[in-house]
Protein chains: 2
Amino acid sequence: MNTNAPMGPAHTPEQLADAAMQRFYAVIPAGGTGTRLWPLSRAAAPKFLHDLTGSGSTLLRATYDRLEPLSGSRVLVVTGEAHREAVCRQLPEIPDADLVLESEPKDSAAAIGLAAAILHARDPDIIMGSFAADQVISPDAVFQDAVREAILTAATGKIVTIGITPTHASTGFGYIRMGRPLDVAGAPSAHAVVEFVEKPSEDVAQEYLASGGYSWNAGMFVAPVSLMLKHLKQNEPELFRGIDEIARAWDTPAQHEVTARVWPTLPKIAIDYAVAEPAADAGDVAVIPGNFSWDDVGDFAAIGRLNSASEVENVTVLGEGARVFTESASGVVVSDTKRVIALIGIEDVVIVDTADALLVTTKAHAQRVKSAVDRLKASGDTDVL
Amino acid sequence: MNTNAPMGPAHTPEQLADAAMQRFYAVIPAGGTGTRLWPLSRAAAPKFLHDLTGSGSTLLRATYDRLEPLSGSRVLVVTGEAHREAVCRQLPEIPDADLVLESEPKDSAAAIGLAAAILHARDPDIIMGSFAADQVISPDAVFQDAVREAILTAATGKIVTIGITPTHASTGFGYIRMGRPLDVAGAPSAHAVVEFVEKPSEDVAQEYLASGGYSWNAGMFVAPVSLMLKHLKQNEPELFRGIDEIARAWDTPAQHEVTARVWPTLPKIAIDYAVAEPAADAGDVAVIPGNFSWDDVGDFAAIGRLNSASEVENVTVLGEGARVFTESASGVVVSDTKRVIALIGIEDVVIVDTADALLVTTKAHAQRVKSAVDRLKASGDTDVL
């Protein structure tokens, strides 16, 4: 393996940087049903297939377009078999070989690990960058600068996460504790990572915010595929054996048979536990603090924030066919239908109107949608989930 | 005319009462779109065609069934041409001759006046009783006792209204000021009416309630058709001439031609102004205080009250196909669809879910639905009205 040395005879800093950028391959895990956005987002039409910002693009398409200036056509997408058609419609430029289809969800370590293994089999010098398909980022140029720094830092033999500089004391995200600055050419903001910490209490979140030494963990990882696989092999040998077997069969006639046999046997584990945390303990993780705005669209209150432009009086309206009438009302309406929706004398309401299911809640209770969906599941009303 | 004398050789009080009852003909005006119950009630599917109490009967059918023990098959319905089929489905026993179809709405004086004129042409001794198709009354037996008293009082030459004994100081109804008791055999609760008064202010309503001398005006009138027409002729001669012309052609080959020509020319006026108020001034009006429970289902809060039996936790649910899931919610859901409706953390909400329109409001704002519908009308979105 050859992760630290540039390919070919490159010696100036610019040449070294160019060589690192040439090694970059974007990976987009497009998974999760986005239960907290039910009934808009659901198993058959997950979050990443919706335009949640009124931009005209689905979150998946926007993610691709944000990475393409860095990766060119070197983009691999990991998604569920059920979403094959919808993903191909969104990303017609993705060749079959770069579309990894999961027959069942196996959590992020299997998805990202298999992507790493497939890319490694093609070229062990690849630097992968994994970016979830359901996040909203702006402006793209600031994000791309951070990814560029991350790639240059990864080329020095690091797993690099792009942290999000906190804007408030959120208790909804994990945090990254930054250590000393790393002296990487072309990546002035690179820092060592001391540790990843779980979602904190309110008080602890306030301390993190005040200290200035923490970032939110947005699950963005840029790393040499060889280094990803080295940590995966050490920490999760059973998972590693499985993805390695599938990767060896990839791009060969045996691909489908081997995938169908091995994938269902893989253990379910998050990439944070399988790779990021142990690698941080080993001193192998760096962070680039990202100063772009970032939203994981965790609930409908987020949709309200992200769409403040399209307001009917004090109601944020999302949906092309929406016909919303309001009187003394405020809140968010997400419409997947062409029905007339009249809101009268109701404040901070959240309404999600789809063909077969309707949600009415408030911004304050938007986070409880997940538990309502769990109750629907328990009741057997799974046709709308 | 012969309104005071019994027909045939009847002399005992029982025989006199029987003779009066034989003269009774029920009239059911089934009009109005019930705008305050939009989008459930609308031009194409007005209030009286809905089962708003969860009884299994539409309000129209329940009105018929409540009158039938008194009237037998002597029931005349006045409704819009657009509702002909729906009304016939609800009341298959009504013959064509007893179905008066309005080509356009002309308010209650024209509707009730034409009914009176048609019945008068058939038999000038008929005592008509007019009861709107969209009211909820219980128990039927108490109502029927009041109607029986009203018929016996009407047979003495009175226009008799059935008042509703107030249960609270409502500012939403007109009131009837009662005078001295009338000494009518078989109608011990009959009183003279001093005057009809308009919807009062809160303070005035409190005084009315405390005095015990007022009833709510529910628009129920029982009267000899000859007396109705006498007052109509005096007060609204133009309207009288029109309905008289239509009535003379009724049950003849000229019926449709004359109705189509004359009806659109009739003035629009409420029966209260055209008959009840001037007749009260003339000392011709009596009242039977009704001690049954009565609701005109004026808004969705009323639907909540009338359906307290079918609750999902603290949410009253109306609609056969309704699939409602609640978490920390209270209020009313009226569902005309089979969609799943999830309510989370929202109090006193009113949700009306139909195929093409959705209303979300609160019990406190339910009375403002009418103004929202007016705005929809102004915006041109009349397809859902």
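**Chatting through a two-chain predicted model**

A: Let's start where the chains meet: strand 18 (residues 357-362) of chain A and strand 16 (residues 340-344) of chain B run parallel and are joined by 4 bridges. Keep in mind that this is a predicted model.

Q: Okay, and what stands opposite Leu358(A) over in strand 16 of chain B?
A: That's Ile341(B).

Q: How many strands are in the sheet, and in what order?
A: There are 7, in an open sheet with mixed pairing, and the order goes 12(A)-13(A)-15(A)-17(A)-18(A)-16(B)-14(B).

Q: Which strands stand at the edges?
A: Strand 12 (311-312) of chain A and strand 14 (323-327) of chain B. Each has a single partner strand, so one side of each has no neighbour in the sheet.

Q: Which strands does helix 12 of chain A touch when it packs on that sheet?
A: Helix 12 (residues 369-379) of chain A touches strand 18 of chain A, plus strand 14 and strand 16 of chain B. Its direction makes about 135° with that of strand 14 of chain B.

Q: What about strand 16 of chain A, which strand of chain B is it joined to?
A: Strand 18 (residues 357-362) of chain B, with 4 bridges and a parallel run. In that strand of chain B, Val360(B) sits opposite Leu343(A).

Q: Zooming out, how many residues of each chain are in contact?
A: 31 residues of chain A contact 31 residues of chain B.

Q: And which element of chain A gives the most to that side?
A: Strand 18 of chain A, with 6 residues. Elements of chain A that each supply at least two residues include strand 14 (323-327), strand 16 (340-344), strand 17 (349-353) and helix 12.

Q: How does chain A's side split by class?
A: The side of chain A that touches chain B has 18 nonpolar, 5 polar and 8 charged residues.

Q: Switching to domains. How is chain A divided?
A: Into domain 1 (13-295) and domain 2 (300-384). Their C-alpha centres lie 30 Å apart, and the contact takes 11 residues from domain 1 of chain A and 19 residues from domain 2 of chain A. On the domain 1 side of chain A, those residues divide into 6 nonpolar, 3 polar and 2 charged.

Q: Which strands pair with it in the antiparallel sense?
A: Among them, strand 4 (residues 127-130) of chain A is joined to strand 9 of chain A by 4 bridges. Strand 6 (residues 159-164) of chain A also pairs with strand 9 of chain A over 4 bridges, and strand 7 (residues 175-181) of chain A is joined to it by 3 bridges.

Q: Next up, helix 7 of chain A. Which of its residues are buried?
A: In helix 7 (residues 225-235) of chain A, the buried ones are Val225(A), Leu227(A), Met228(A), Leu229(A), Lys230(A), His231(A) and Leu232(A).

Q: And what do they pack against?
A: Helix 4 (107-122), strand 4, strand 6, strand 9, helix 8 (237-249) and helix 10 (271-281) of chain A.

Q: Over in chain B, why call helix 4 largely enclosed?
A: Because 13 of the 16 residues of helix 4 of chain B are buried. That helix (residues 107-122) reaches 24 Å from its first C-alpha to its last, close to the 22 Å expected.

Q: Last stop, Val193(A): buried or exposed?
A: Val193(A) is buried, with 26 other C-beta atoms within 10 Å. It lies in strand 8 (residues 191-197) of chain A. Beyond its neighbours within four places in sequence, Val193(A) has contacts including Thr161(A), Ile176(A), Met178(A), Ala280(A) and Val287(A).

Q: Where is His83(A) found?
A: In the loop between strand 2 (75-80) and helix 3 (84-90) of chain A. With 24 C-beta neighbours inside 10 Å, His83(A) counts as buried too. His83(A) and Leu101(A) are 18 residues apart in sequence and 8.6 Å apart in space, C-alpha to C-alpha.

Terms used. Residues numbered from 1 in each chain as written. Chains lettered and ligands numbered in written order. Predicted model: local features only at pLDDT ≥ 70, side-chain atom pairs only at ≥ 80, totals over all residues. Expected span 1.5 Å × (residues − 1). Buried ≥ 20, exposed ≤ 12 C-beta atoms within 10 Å, placed from the backbone. Domains from an automatic or database assignment. Contact = placed C-beta atoms within 7 Å. Nonpolar A, V, L, I, M, F, W, Y, C, P; charged D, E, K, R; others polar. Pairing = 2+ DSSP bridges. Axes fitted to C-alpha atoms, helices over the stretch in contact; angles between N-to-C directions.
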